[in-house]
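Welcome, and thanks for taking a look at this chain with us. Please open the sequence and the coordinates side by side before reading on.

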Amino acid sequence: MGRRPARRRVVRRVAVWYLFRDAVTELFPFRHIIPTHQGRAAEKILFSVVGGPGKFVPNNTHFDTTRANVESTGAEAVDLVIAEGRDPRSRHPFKGNLDVDALEAFVRRVGAENVPVVMVTVTNNSGGGQPVSLANLRAVREVCTRYGLALFLDSCRFAENAWFIREREEGQGDRDVADIVRDMAALADGMTMSAKKDPWPISGAVGLQRRRPGRGVPERAHPHRGLPHLRGPGRP
Ligand SMILES: Cc1ncc(COP(=O)(O)O)c(C=O)c1O
């Protein structure tokens, strides 16, 4: 008798996990989704696997927890937002864009083997919540492909970013915001997500398209957070 409520709770949590996974993959169709309680837990898991001394993680601008999680492994967090992103008077429509030339020069200088992931934060919250264009994401993708680098999104305010793309980017005005989000996701090899911002209750996730460079990420999540289907993003 006494065990029934506990079993019901487990069943409910398993059901929530599937709801969460399906909601995330509808927009971010990554092969592996690892739920966490917040974005910072996703970052901790990812960077404790791919970070380490001698590694460098470029980003448009690291959020403070992202920087802390990169640097606590001994790696260096490097901000490469475009110059307009640092100029409060600039009216550039996408002040969160990553400086693609600076990225390429940086990768050449430190060596691609020392750059485990390139991050792009959408929107660029620590730079005033400024959006990143689809054209910029495509250009960053090209650099990553040329140098064999993985591109990860910090997809904290992804819906807002997609909305700005629809409002401001040429040729995007008639599109569904969800389709723009899927285009953003399709350019990435993975993501960390703070899911409490746009659509979902407080939660987070690591998404991986392939196990490389995230080999070991699901295993690292287990001791911190338990099994995925018992972890869940929150209570039903
Ligand atoms: C860009 C960005 N990344 C990561 C985080 C951390 O996520 P969380 O607060 O869910 O731990 C935040 C939170 O505000 C954020 O804005």
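## The chain as a whole

Please keep in mind that this is a predicted model. The chain has 236 residues, and 50% of them are buried. Its secondary structure consists of nine helices and seven strands. Among the contacts with a separation of 6 or more, 67% are between residues 24 or more positions apart. The accessible surface of the chain is about 11,200 Å², and carbon and sulfur atoms contribute 50% of that area.

## Around the ligand

Which residues are closest to the ligand? They are R40, N125, D154, S194 and K196, out of 14 residues that surround the ligand. By class, this shell divides into seven polar, five charged and two nonpolar residues.

The largest share, three residues, comes from α2.

| Side chain | Distance to a ligand oxygen atom |
|---|---|
| Q38 | 3.0 Å |
| N125 | 2.7 Å |
| S194 | 2.7 Å |

On its own, the ligand has 390 Å² of accessible area, and the protein covers 95% of it.

## Aromatic pairs

The structure holds five aromatic pairs. One of them joins F28 and F158, which sit edge-to-face with 5.0 Å centre to centre and 85° between the planes. This pair links distant parts of the chain, as its two members are 130 residues apart. F28 is in the loop between α1 (3-27) and β1 (32-36), while F158 belongs to helix α6 (residues 158-168). Are these two residues buried or exposed? Both F28 and F158 are buried.

W163 and F164 form another pair: their planes are at 75° and their centres are 5.4 Å apart, so this pair is edge-to-face. The two residues can be told apart by their accessibility. W163 has 39% relative accessibility and therefore counts as partly exposed, whereas F164, at 15%, counts as buried. The cut-off behind this is that buried means under 20% relative accessible area.

## Points along the backbone

Where does the chain have a cis peptide bond? It joins V122 and T123, with omega at about -10°. T123 is in the loop between β4 (118-121) and α5 (134-147).

Finally, have a look at V49 in helix α2, the helix that also gives the ligand shell its largest share of residues. With a relative accessible area of 22%, V49 is partly exposed. In sequence, V49 and G216 are 167 residues apart, yet their C-alpha atoms are 6.6 Å apart in space.

Conventions. Residues numbered from 1 in each chain as written. Predicted model: local features only at pLDDT ≥ 70, side-chain atom pairs only at ≥ 80, totals over all residues. Heavy atoms only, no water. Helix = DSSP H or I, 4+ residues; strand = E, 2+ residues; numbered from the N terminus. Buried < 20%, exposed > 50% of the residue type's maximum accessible area, 1.4 Å probe, protein only. Contact = heavy atoms within 4.5 Å. Areas by Shrake-Rupley, 256 points an atom, 1.4 Å probe, with all protein chains shown as cover. Near = heavy atom within 4 Å. Polar contact = N/O pair within 3.5 Å; in protein donor to acceptor, adjacent residues only side chain to side chain. Nonpolar A, V, L, I, M, F, W, Y, C, P; charged D, E, K, R; others polar. Phe/Tyr/Trp six-rings, centres within 6.5 Å; stacked < 30°, edge-to-face > 60°.
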